[in-house]
Amino acid sequence: VSVDRALIDIERACGDGSVLTDPDVLESYGRDTSEVAPQRPVAAVRASTAEHVSAVMRAASEHAVAVTPRGAGTGRVGAATPTPGGLVLVSDRMRSIERIDERDLVATTQPGVVLGDLHRRAEEQGVFFPPDPNSLDECTIGGNVATNAGGPRALKYGTMRNWVLGLQVVTGDGTILELGKQTPKGVTGYDLTALVVGSEGTLAVTTRATLKLLPAPEKVVTMLVFLPDHESVERAVGAAYARRIVPRCVEFLDSIALELVRPDAGIPIPENAQSMLLVELDGDEQTVDRQLEICGEAMLQAGAEDVLVAKNTAERQRLWGARKELSYTMRRQATNKLSEDVCVPRTRIAALLDRCARLSEQTGITMPTYGHAGDGNLHVNFLWDRPDERPQVEHAIRSVFEAVLEMGGTLSGEHGIGLLKVPYLHMEQPAELISLQEQIKGLFDPKGILNPDKCFPEGARRFHGAHGAC
Ligand SMILES: Cc1cc2nc3c(=O)[nH]c(=O)nc-3n(C[C@H](O)[C@H](O)[C@H](O)COP(=O)(O)OP(=O)(O)OC[C@H]3O[C@@H](n4cnc5c(N)ncnc54)[C@H](O)[C@@H]3O)c2cc1C
C-alpha cells in the first residue's frame, strides 16, 4: 500500500531507525493532553535535519499520506493527534540550542528543544526569553511556534508570535524555506513567519526558529491578592494599569482552584478566601519596590481582603509549582474533565465569571475557573462523573462560547482549534474567512497532507465524518 511505499522512501532518506512501528511506541504518540480520542499513527518518523523533513514530506506527498508534526504532545485541543491512516513526525532528534547571542539578543534553536531548557540556558547567559506556557518543562519550541503559545507573562511580553524573528520551515511538498529575518526589524514581503506561528502544523513543519531575547530583569516579585467577589476581581485586574504599571502577570484562581493549590502553595492561603490574583512585577530593583507598594495599595482599594508578598525565590517557585500543576490536579477531581480557554476583554471578566456561576447552577456541572486574567484569558473547566451528564456539559460549553462572543471575546486565547473546536469555529468566523484560510493552506500544502484534519471543517469532515468533529 502507498503508506508502506512512503515509509521505504523515508527510511532510505533518513537512515536506519528513523521509522518506528512498535505498537507501544505508536500508542504513546496517539494523543495529546486533550479529551480527543487516541488515534494510533501507522508509523512515527524521527527526522534529524531539515533535509530529512523535506524527504519525509516529498515521500508523503508522492504517496498521499497524511503527516502530523509532533512536539511533546502537551497540546489541549487534539492538534497533535495523528490523522487517521497517517504518520507522526517527531522532533526528538532535533534538540539543539544552536546559538544564544547576548549581544544581538537572538537565539536559534531546533524545534525539539524543550522550552524550559532554553529558559535555563538563556538565564545562565543573563538574557531572558519571555514566553512561558505553564507546560514549559515539557513542551517544545516547535509546538510553541505552532500554537502561538503564551503563558502568564504574555500580559507584559506578548505571546510566541511577538518573539519569533524567523523560521526555517518545510512546506507540504517538501520545499525548504527561510521565512522572516535575523534582525529585530524587517519588512521585506509578507510576514509569513507570523502566519506560520499559530497554524497548528497545518501549513509547514518548523525545522529551526530564530527567537528574540531581552536582558533578564534584575528583580521579580510575586504578590497574592485575596478578593471576595467577581466585581472586585475585575477591578483588581485593572488596578495596576490605572496606576500606569504593567505587571508581568495577573493570574486568577477561583475558590475551587485555590483549594487545589492550597496544600502545595507554601504560603498560608486564608481559610475563607473566595478567589486569588497572583500578580507579578519585574524590572530594576528600585522600580519594582516602588511599584510593589503602589500595586498593593491599589489592590486594597479595589476591594482586596488581604495582600501577601512571596518572601524569596523559593517561596515564589513553590507557589508557581502549585499553579503549574493545577491543570493536572484538576483532572483528578472527576471522572471527566473538559477545559476551555476563552478570552474576553478585561472589563468583561466579572460578567463572564457570573455567567459561568449561573450556568453551573443551572446544569449541575462543576465549573472551576482559573487562568491568565490580566489578558482576559480564562480556563473554564467542566468536571463531571456520569455519562448521562454529557448533554448538560455540551449545553454549558456552547452557552459559554455564546456569552464570550457576545462580550467581544474569542473561543481560544491560547490553545487553538485543533480537532476539539472545529465544530464551533463557525460561531466566531464567517464562511468566507474560513474558506480563505483553507485556500491559504492549499498554497503551502497543495496535496493536503499536513495535519489535514485540523482547524478547518472541510479537512475534519474528510477524516472524521459529517459533523467535522472527532
Ligand atoms: C499543564 C499544561 C499547561 C499548559 N499551559 C499553557 C499555557 O500557559 N499557555 C499555552 O499557550 N499553552 C499551554 N498549554 C498547552 C501546550 O503546552 C502548548 O500548546 C504547547 O505550545 C504545545 O507544545 P508541544 O511541544 O507539546 O506541542 P504538541 O502538543 O506536540 O503539538 C501542538 C501543535 O504543534 C504542532 N507542531 C509541533 N511541532 C511542530 C513542528 N516542528 N512544526 C510544525 N508544527 C508542529 C502539532 O502538529 C500540533 O498542531 C499547557 C498544557 C499543559 C498540559
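Author: Let's start away from the site, with Thr-329, which sits in helix H11, residues 313–331. Helices here are DSSP runs of H or I with at least four residues, strands are runs of E with at least two, and both are numbered from the N terminus. Thr-329 has a relative accessible area of 15%, so it counts as buried. The cut-offs: buried is under 20% relative accessible area, exposed is over 50%, and partly exposed is in between, with a 1.4 Å probe and protein chains only. Thr-329 and Val-261 are 68 residues apart in sequence, and their C-alpha atoms are 8.3 Å apart in space.

Some ground rules before the site itself. This is a predicted model, where local features need pLDDT of at least 70 and side-chain atom pairs count only at pLDDT 80 or more, while totals for chains, interfaces and linings use all residues. Residues are numbered from 1 along each chain as its sequence is written, and side-chain values use heavy atoms, with hydrogens and water left out.

Now the ligand. It is surrounded by 35 residues, and the closest are Pro-69, Thr-74, Ser-135, Thr-140 and Gly-150. By class, the shell holds 12 nonpolar, 19 polar and 4 charged residues. That sorting takes Ala, Val, Leu, Ile, Met, Phe, Trp, Tyr, Cys and Pro as nonpolar, Asp, Glu, Lys and Arg as charged, and the others, Gly among them, as polar.

As for polar pairings, a polar side-chain atom of Thr-140 comes to 2.7 Å from a ligand oxygen. An N or O atom in the side chain of Asn-144 is 2.9 Å from an oxygen atom of the ligand.

On its own, the ligand has 980 Å² of accessible area, and the protein covers 97% of that. Those areas come from the Shrake-Rupley method with a 1.4 Å probe; for residues, only the protein chains shown count as cover. Strand S3 (67–70), helix H5 (141–147) and strand S10 (204–212) are the elements that give two or more residues to the shell. H5 gives the most, with 5 residues.

Back to Thr-140, which is in the loop between strand S7 (127–128) and H5. Its relative accessible area is 2%, so Thr-140 is buried. Not counting residues up to four places away in sequence, Thr-140 touches Gly-71, Ala-72, Pro-111, Gly-112, Val-113, Val-114 and Leu-115. Touching, or contact, means heavy atoms within 4.5 Å.

Inside H5 you'll find Val-145, buried with a relative accessible area of 1%. Among the residues Val-145 touches beyond four places in sequence are Met-160, Val-164, Leu-167 and Thr-206. For context, most residues other than glycine have a negative phi. Asn-451 also has a positive phi, about 40°, although it is not a glycine; Asn-451 lies in the loop between helix H15 (431–444) and helix H16 (457–464).

One more polar pair, this one within the protein: the side chain of Ser-339 makes a polar contact of 3.3 Å with the side chain of Asn-381. Ser-339 is in strand S16, residues 336–343, and is buried at 16% relative accessible area.

Finally, the whole chain. It has 16 helices and 18 strands, and 55% of its 470 residues count as buried. A compact globule with 470 residues would have a radius of gyration near 23 Å, and the chain has 22 Å, which agrees. That radius is taken over C-alpha atoms, and the globule rule is 2.2 Å times the number of residues to the power 0.38. Among contacts between residues at least 6 apart in sequence, 73% join residues at least 24 apart.

Conventions
A residue is near a molecule or strand if one of its heavy atoms lies within 4 Å of it. A polar contact is a pair of N or O atoms within 3.5 Å; within protein, one must be able to donate a hydrogen and the other to accept it, and residues adjacent in sequence count only if both atoms are side-chain atoms.
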